[in-house]
Amino acid sequence: MSNTSVNPARSLAAALYGGPDALAQVWVFFVAPLVGAALAGLAHRVLRRRA
């Protein structure tokens, strides 16, 4: 277990109290969902054209 949260707001709140090391890593919790959503949108568009 890593005791990490999946909610970006909770991750940011914990990182604010965790110090500079935690703040340096918290960007992943904001960027990863956006990248995943963009990839899902592209996949949906490509698969919808084929159907």
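This note sets out some points on the predicted model shown above.

1. Confidence. The protein chain has a mean pLDDT of 86, and 90% of its residues reach 70 or more. Among the elements of the chain, helix α3 has the highest mean pLDDT, at 92, while α1 has the lowest, at 86.

2. Origin of the patch. Two helices, α1 (residues 8-18) and α3 (residues 28-50), each supply at least two residues of the nonpolar patch. The largest share comes from α3, which provides six residues. Helix α3 is also the element with the highest mean pLDDT.

3. Residue S11. Is S11 buried or exposed? The residue sits in helix α1, and its relative accessible area is 7%. S11 is therefore buried, because the class requires a value under 20%.

4. Surroundings of S11. When neighbours within four places in sequence are left aside, S11 is in contact with S5, V26 and F29. Helix α1 thus holds the buried S11 and also supplies at least two residues of the nonpolar patch.

Key. Residues are numbered from 1 along each chain as its sequence is written. This is a predicted model: local features need pLDDT of at least 70, side-chain atom pairs count only at pLDDT 80 or more; totals for chains, interfaces and linings use all residues. Side-chain values use heavy atoms; hydrogens and water are left out. Helices (H or I, at least four residues) and strands (E, at least two) are DSSP runs, numbered from the N terminus. pLDDT is the predictor's confidence in each residue, from 0 to 100. Buried means under 20% relative accessible area, exposed over 50%, partly exposed in between (1.4 Å probe, protein chains only). Contact means heavy atoms within 4.5 Å.
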